[in-house]
Amino acid sequence: MLVTPVLRNCFKGIRLHLLLLHFAIPGNSGLEMDMLQDLESLQFEYGVPEEDRIWLYLQGRSRGLMIKACAHATFFCKLLYNLRASLNENQSSRHLSIGSLNSATPEEFKVGIIGGGHLGKQLAGTLLQLGPIPAESLRISTRRPETLGELQKLGIKCFYHNADLVSWANVIFLCCLPSQLPNICVEIHTSLEKTSIVYSFIAAIPLPRLKLLLNHTNILRPQYQYGEDSVSVWGANKGVVAALQDPTILQATCPYSPAGGIILNIKWLEGVFYAALNICTARNMAHSQVLQLLSELFLSVHFEDCGKDTASCPKFQLTDFVSKAYGKNLSQERPFPWFDLTDVQLKETPFSQHLSSSPVLQDHLTHLYCASFGISLTKEQPVISTGSPSQ
């Protein structure tokens with residue numbers, strides 16, 4: 001059959017519409033459905049002129065960036081959830097030890113997402129299926145909540161009131177367009193608590209600008225750059241959740257892995273740990289107890305050989321996070337100071353040096369990352385890592 005240019009354009013439009021619909025369905029990865037499979041004429045690559053196929057790698061790069069962004073956000077929420085659970089347990093124990101009749105009620109870990117577009121939907125689905133976040137602890141604020149029917153059926157509250165979302169949530173993910181951010185910041189900055197963590201995916205807005213717009217210091221923003229590796233590792237026919245259950249893809253998202261051609265700036269990992277310190281400081285927890293707690297929570301996943309010689313396993317020390325001069329004047333019962341997370345991600349810190357100079361610590365954190373997604377590494381199955389992370 002002769003395909004006219006008009007019909008070809010119609011086919012292209014239908015192909016693009018189906019492709020976007022496929023990736024926009026929340027939880028689509030769990031259904032393992034691919035509406036384009038076995039339909040060659042509707043494949044993304046079909047009809048692309050040979051001279052333009054050199055640009056097809058951008059599709060894989062975009063997909064890899066989405067998978068990595070959702071994986072790192074999920075890992076961050078898992079760490080904070082476990083930390084807060086331990087703090088609540090310790091707080092309840094202290095109340096019981098002094099004979100309190102009413103022990104403290106464990107504080108719920110609440111996550112809000114501003115923006116219900118492609119990234120917001122994928123992030124919500126990933127947190128719901130792979131994270132520790134139940135539907136009642138996850139909310140989305142978007143200008144068009146009526147388009148999020150599938151998420152609402154799963155129990156996620158979707159509405160349009162950014163200030164209400166921010167005053168409710170412990171962690172707020174910014175998944176909006178750069179052009180929308182200034183107005184959103186005006187709406188939410190007075191509703192932010194000091195302890196609220198803002199996690200921005202908006203690469204076009206640098207951290208100093210975001211700090212100024214929000215008048216807030218508890219901000220995290222992962223930064224990614226592109227390497228030269230192949231992007232075929234990302235699995236073209238899998239949704240985000242299914243991809244993160246694939247050991248090869250999951251290992252490619254490890255903070256220290258350059259596999260897949262997308263490299264995470266490791267300053268993000270520093271920000272994650274200083275964010276954890278701020279949570280403990282808000283509870284007025286002695287820094288000596290904080291160091292012990294972080295070591296138990298975040299350095300307990302390792303090779304089996306570590307169990308035979310625990311002395312070789314790393315333990316967090318005070319000077320890993322603060323200068324020696326400051327540490328000398330900090331008594332055992334004093335909490336850590338409050339850290340500006342924007343400075344942590346933009347400047348060198350004591351933890352920068354410790355993290356970059358300790359392969360053993362990097363190894364333990366890599367094992368922690370994979371274990372948080374249910375994948376155990378062995379020495380016979382090392383994580384995919386063939387280069388240095390971006391600094």
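This is a predicted model: local features need pLDDT of at least 70, side-chain atom pairs count only at pLDDT 80 or more; totals for chains, interfaces and linings use all residues.

Me: What makes β4 and β5 a pair of strands?

Reply: Two strands pair if there are at least two bridges between them. Four bridges join β4 to β5, so the two count as paired, and they run parallel.

Me: Which way do the residues of β5 point, and are they buried or exposed?

Reply: Ile 197 and Tyr 199 point one way from β5 (residues 197-200), while Val 198 and Ser 200 point the other way. All of them are buried. In a regular strand, side chains alternate between the two faces of the sheet.

Me: How do you know that β5 pairs with β6?

Reply: The cut-off is at least two bridges. Two bridges join β5 to β6 (residues 219-220), so this pair meets the cut-off, and the strands run parallel. In β6, Ile 219 is the bridge partner of Val 198. Between these two strands, the chain crosses from β5 through helix α8 (residues 207-214) to β6, and this β-α-β crossover is right-handed.

Me: Which other right-handed β-α-β units are there?

Reply: One is made of β4, helix α7 (residues 181-188) and β5. Another is made of β1, helix α4 (residues 118-130) and β2.

Me: What makes β1 a partner of both β2 and β4?

Reply: With at least two bridges needed, β1 qualifies on both counts. Four bridges join β1 to β2 (residues 138-141), and these strands run parallel. Four bridges also join β1 to β4 (residues 171-174), again in parallel. For examples, Gly 112 has Arg 139 in β2 as its bridge partner, and Val 111 stands opposite Val 171 in β4. Within β1 (residues 111-114), Val 111 and Ile 113 point one way and Gly 112 and Ile 114 the other, and all are buried.

Me: Why are β3 and β6 called edge strands?

Reply: Six strands form an open sheet in the order β3-β2-β1-β4-β5-β6, with parallel pairing. β3 (157-159) and β6 each pair on one side only, and they are the edge strands.

Me: What does the same check say about α12?

Reply: The twelve residues of α12 (residues 287-298) should span 16 Å, and its end C-alpha atoms are 16 Å apart, which agrees. Among the buried residues of α12 are His 287, Val 290, Leu 294 and Phe 298.

Me: Why is Ala 275 called buried?

Reply: Buried means under 20% relative accessible area. Ala 275 has 1%, so it is buried. Ala 275 is found in helix α11. Ala 275 and Asp 340 are 65 residues apart in sequence, while their C-alpha atoms are 8.9 Å apart in space.

Me: And why does Leu 87 count as buried?

Reply: Leu 87 has 4% relative accessibility, which is under 20%, so it counts as buried. Leu 87 lies in helix α3. From Leu 87 to Ile 279 there are 192 residues in sequence and 9.3 Å in space, C-alpha to C-alpha.

Me: What lines the second largest pocket?

Reply: The second largest pocket holds about 220 Å³ of space. Of its 17 lining residues, Arg 84, Glu 107, Asn 170, Thr 195 and Ile 279 are the closest to its centre. By class, the lining has eight nonpolar, five polar and four charged residues.

Me: Which helices supply that lining, and which gives the most?

Reply: α3 (57-97) and α11 (267-282) each supply at least two residues of the lining. α11 gives the most, with three residues.

How values were computed: Residues are numbered from 1 along each chain as its sequence is written. Side-chain values use heavy atoms; hydrogens and water are left out. On a 1 Å grid over the protein atoms alone, a cavity is a set of points where a 1.4 Å probe fits but cannot get out, and a pocket is an open set with protein on both sides within 12 Å along at least five of seven lines; lining residues have an atom within 4 Å of a point. Grid points are joined across faces, edges and corners, and a volume is the space filled by probe spheres set on the points. Ala, Val, Leu, Ile, Met, Phe, Trp, Tyr, Cys and Pro count as nonpolar, Asp, Glu, Lys and Arg as charged, and the others, Gly among them, as polar. Buried means under 20% relative accessible area, exposed over 50%, partly exposed in between (1.4 Å probe, protein chains only). A crossover is right-handed if, with the strands pointing away from the viewer, the path from the first strand over the helix to the second runs clockwise. The expected span of a helix is 1.5 Å times one less than its number of residues.
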